[in-house]
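Hi everyone, thanks for making time. Have a look at the sequence and the structure, and I'll walk you through a few spots.

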Amino acid sequence: MIILGIETSCDETSAAVVEDGRRVLSNVIASQVDVHAPFGGVVPELAARKHIEAIEFIVDNALSEAGVELDAVDGFAVANGPGLAGALLVGLNYAKALAFTCDKPLLGVHHIEGHVCANYLGSDLKPPMLTLVVSGGHTSILGVDDYDVYRVLGSTRDDAAGEAFDKIARLLKLPYPGGPQIDRLAEKGNAAAAAFPRAKVDGLDFSFSGLKTAVMQFMAKNKDVAIADVAAAFQAAVVDVLVEKSMAACKQEGYTQVALAGGVASNKGLRRAMAAACEANGFTLSVPAPILCTDDAAMIASRGYFQLAAGRVDGLELNAYPGRMVV
């Protein structure tokens with residue numbers, strides 16, 4: 001089964017062709033980093049305009065790279081939430097046009113469920129598993145009991161982990177996007193140089209706003225501190241909590257497989273710490289390739305395949321839901 005995926009939820013315009021939910025035939029991504037860098041973050045109106053300019057070219061390239069004709073596609077999967085409203089509508093309306101023209105199924109995909117499915121690409125991984133989703137807008141612990149069964153076990157009560165990374169990067173005057181810059185600096189820094197708090201939130205939820213404030217106060221009082229040391233100490237504080245809560249969730253729910261998903265899943269410190277914790281507890285760990293951690297259409301196509309296999313098809317009245325929650 002061949003699925004064409006489209007992803008325009010934020011600032012990447014992406015199209016991909018995936019076979020049977022696991023084999024990536026193409027995955028074309030156009031980044032808008034240079035467009036938004038002068039503003040230190042994504043400008044929604046600019047993002048939507050750039051998607052409009054790029055979408056046709058990106059879809060054509062994805063089909064060409066895959067060596068697949070449009071009439072050979074079995075379904076069109078598109079991220080329809082959460083995300084930026086204008087950006088989502090660009091991809092959704094383009095997918096609707098393709099589905100209508102080709103008389104093929106339209107598959108509205110939850111962006112976060114797509115991130116989970118990145119772990120299936122090029123892999124034989126199967127549920128049940130626990131998935132830690134860490135990105136700029138989301139930090140959640142999901143119980144994935146089947147391909148179509150998701151349970152939210154914990155989530156952030158304020159800032160997402162990636163959002164905290166970006167805010168601290170701006171404080172440290174690092175180039176946009178800041179998350180990868182902190183990860184790079186943390187490799188050279190001394191995490192013991194600052195004792196930042198690990199928020200103790202009940203259950204499996206997270207909170208990172210207090211950590212952000214602690215870093216700001218530390219920087220105000222220690223103006224000569226090495227930036228690499230601050231980055232290392234901050235990253236360690238985030239990673240410690242992410243790993244601790246994930247291990248607690250596995251033990252509470254009985255999962256023995258752990259998967260990472262989302263942009264922060266490419267963070268080297270998080271990957272190392274989670275791998276060590278899983279090994280110590282006898283769990284297996286799945287981590288997508290870095291290119292599949294970012295927003296991309298291959299993960300959307302994979303999710304679309306499993307929805308189509310389960311008989312879940314959407315009509316042309318499908319709308320975009322910027323604040324859509326995980327089902």
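Let me start with a term: a residue is called buried under 20% relative accessible area, exposed over 50%, and partly exposed in between, using a 1.4 Å probe and protein chains only. With that, take E65, which counts as exposed because its relative accessibility is 53%.

Before I go on, some ground rules. This is a predicted model, where local features need pLDDT of at least 70, side-chain atom pairs count only at pLDDT 80 or more, and totals for chains, interfaces and linings use all residues. Residues are numbered from 1 along each chain as its sequence is written, and side-chain values use heavy atoms, with hydrogens and water left out.

Back to E65, then. You'll find E65 in helix α2. When I say helix, I mean a DSSP run of H or I with at least four residues, and a strand is a run of E with at least two, both numbered from the N terminus. Contact, or touching, means heavy atoms within 4.5 Å. Leaving out residues up to four places away in sequence, E65 touches L25, S26 and V28.

Is I58 buried or exposed? It's buried, at a relative accessible area of 4%. Under that same exclusion of up to four places in sequence, I58 touches T13, S14, A15, V28 and A30. So V28 shows up for I58 and for E65, because contact is just heavy atoms within 4.5 Å. The C-alpha atoms of I58 and A261 are separated by 24 Å, and along the chain those two residues are 203 apart.

T131 is buried, with 0% relative accessible area. Again skipping residues up to four places away, T131 touches V116, S140, I141, L142, V144, A259 and A261.

Now, helix packing. Two packed helices are described by the angle between their axes and the distance between the axes. The axes are lines fitted to C-alpha atoms, for helices over the stretch in contact, and the angles run from 0 to 180 degrees between N-to-C directions. Angles under 35 degrees count as roughly parallel, over 145 as roughly antiparallel, 65 to 115 as roughly perpendicular, and the rest as oblique.

Look at α7, residues 209-221, and α8, residues 227-253: their axes come within 11 Å and cross at roughly 160°. That makes α7 roughly antiparallel to α8. Which residues make the contact? From α7 it's L211, V215, F218 and M219, and from α8 it's I227, V230, F234, A237 and V238. By class, that contact has 9 nonpolar residues, no polar and no charged. For the classes, Ala, Val, Leu, Ile, Met, Phe, Trp, Tyr, Cys and Pro count as nonpolar, Asp, Glu, Lys and Arg as charged, and the others, Gly among them, as polar.

Next pair: α5, residues 161-171, and α6, residues 178-186, pack at about 75° with their axes 8 Å apart. That puts α5 and α6 roughly perpendicular to each other. On the α5 side you have F165, D166, I168 and A169, meeting G178, G179 and I182 in α6. The classes here come out as 4 nonpolar, 2 polar and 1 charged.

The loop between α5 and α6 is worth a look as well. P177 lies in that loop, and the peptide bond from Y176 to P177 is cis, with omega near -5°. K173 is in the loop too, and its phi is near 60°, a positive value in a residue other than glycine. K173 is exposed, at 73% relative accessible area.

There's another cis bond, from P127 to P128, with omega near 5°. P128 lies in the loop between α4, residues 111-117, and β6.

Last stop, cysteines. How many disulfides are there, if a disulfide is a pair of cysteine sulfur atoms within 2.5 Å? The count is 0. For C10, the nearest cysteine sulfur is that of C293, 16 Å away. C10 is partly exposed at 22%. For C117, the nearest is also the sulfur of C293, at 14 Å, and C117 is buried at 0%.

Note on methods:
Disulfide = S-S within 2.5 Å.
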